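The tour below says what to select at each stop.

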Amino acid sequence: MEIRRVSAYRAVADAIRVDIEAGVYPRGSELPPQEELASRYRVNQATVSRALRVLNACGLTINRRGLRSIVMPIPPLVRDASARYRRAAREQNGAGGAYDAQIKALGLEPRVVLEVRRVVPPARVAQILGIRADDESAIVRSRVMWAADTITQLADSYVSVELFGGSVLEHVDEGVGGMISRMAELGHAQAYVTEERTGRPPTPEEMTALQISEDQHVFVIEHVGWTAQDRAVEVTVHTMPQGLWIERTRFDID
């Protein structure tokens, strides 16, 4: 296959993408060496190198130190913000929350590495929850979340010690339905949520935690759970590789 365009590296990236979608390069497999790709697409290795950076930035491949580029092992994950927090979605098949239910529905095995501790909250979190930002006034549930062998996101959920100190929310296993179900049982049911999304390059710490390179940006979702009395009772900060997630929202119109 010969590539003859002005932006040859983008054309090569597009050609490799088509081959990935066609199964020429299966999910989870290593791409051929750069010299082999250069020969296949009739370009030089520098062009192939730039094309691979494009694919990595888009989340179609992963760069692992000492290995060739690997085709992303799992398909893009759909995050349906309008449906995922409903009780039926959170608790289906005994799931431990919205994420657990979603990954199981895809036929993948969810895994979460969770640490629970009391912390001095970030100023933004303290402001939203209406708590102090100069002492350990918050409980954080810090999660590294997986689908099979792929890290999909980091999620830090903050609640106030005043409301939830000593409760099941300070335990690692919060039970079927996750935090939202337990908060309702404790008298702080969430009536609605708000979310704000921003995109940016990853920090060095995020690159390490998510196993991504500097080419792949992340998006950050600030999720806030509110009671019917308009009190914020949960702030969760999701940090997610941009190329791995598709955002979907449904809403009714008049």
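The stops run from the whole chain to single residues.

**Ground rules.** This is a predicted model, in which local features need pLDDT of at least 70 and side-chain atom pairs count only at pLDDT 80 or more, while totals for chains, interfaces and linings use all residues. Residues are numbered from 1 along each chain as its sequence is written, and side-chain values use heavy atoms, with hydrogens and water left out.

**Whole protein.** Show the cartoon: the protein has nine helices and 10 strands. Helices (H or I, at least four residues) and strands (E, at least two) are DSSP runs, numbered from the N terminus. Of the 254 residues, 46% count as buried; buried means under 20% relative accessible area, exposed over 50%, and partly exposed in between (1.4 Å probe, protein chains only). Switch to the surface, where the protein exposes about 13,300 Å², with carbon and sulfur atoms supplying 49% of it. Those areas come from the Shrake-Rupley method with a 1.4 Å probe, and for residues only the protein chains shown count as cover. Among contacts (heavy atoms within 4.5 Å) with a separation of 6 or more, residues 24 or more positions apart account for 59%.

**Helix α1.** Select residues 8-21. The 14 residues of α1 should span 20 Å at 1.5 Å a residue, and its end C-alpha atoms are 20 Å apart, so the two agree; the expected span is 1.5 Å times one less than the number of residues. Buried residues in α1 include Ala8, Tyr9, Val12, Ile16, Asp19 and Ile20. After α1 comes Gly23, with a positive phi near 85°.

Opposite Leu77 stands Trp245 in β10.

**Rings.** A search of the whole structure finds one aromatic pair. The rings of Tyr192 and Trp226 have their centres 6.0 Å apart and their planes at 5°, so the pair is stacked. Rings of Phe, Tyr and Trp (its six-membered ring) pair if their centres lie within 6.5 Å; planes under 30 degrees apart count as stacked, over 60 as edge-to-face and the rest as tilted. Tyr192 is in β7 (residues 192-200) and Trp226 in β8 (residues 218-226), 34 residues apart. At 35% relative accessibility, Tyr192 is partly exposed.

Next show Arg111, which lies over the face of Trp146, 4.1 Å from the ring centre. The charged end of Arg197 sits over the ring of Phe219, 3.8 Å from its centre. Such a charge has NZ of Lys or CZ of Arg within 6 Å of the ring centre and within 35 degrees of the ring normal.

**Loops.** Select Gln216, in the loop between α9 (204-210) and β8. Gln216 is buried, with a relative accessible area of 3%. Its contacts include Asn56, Pro202 and Gln242; Gln216 and Gln242 are 26 residues apart in sequence and 7.1 Å apart in space, C-alpha to C-alpha.

Finish with Arg42, in the loop between α2 and α3. Arg42 is exposed, with a relative accessible area of 56%, and has a positive phi of about 55° although it is not a glycine.

How values were computed: Two strands pair if DSSP finds at least two bridges between them. Lists of a residue's contacts leave out its neighbours within four places in sequence.
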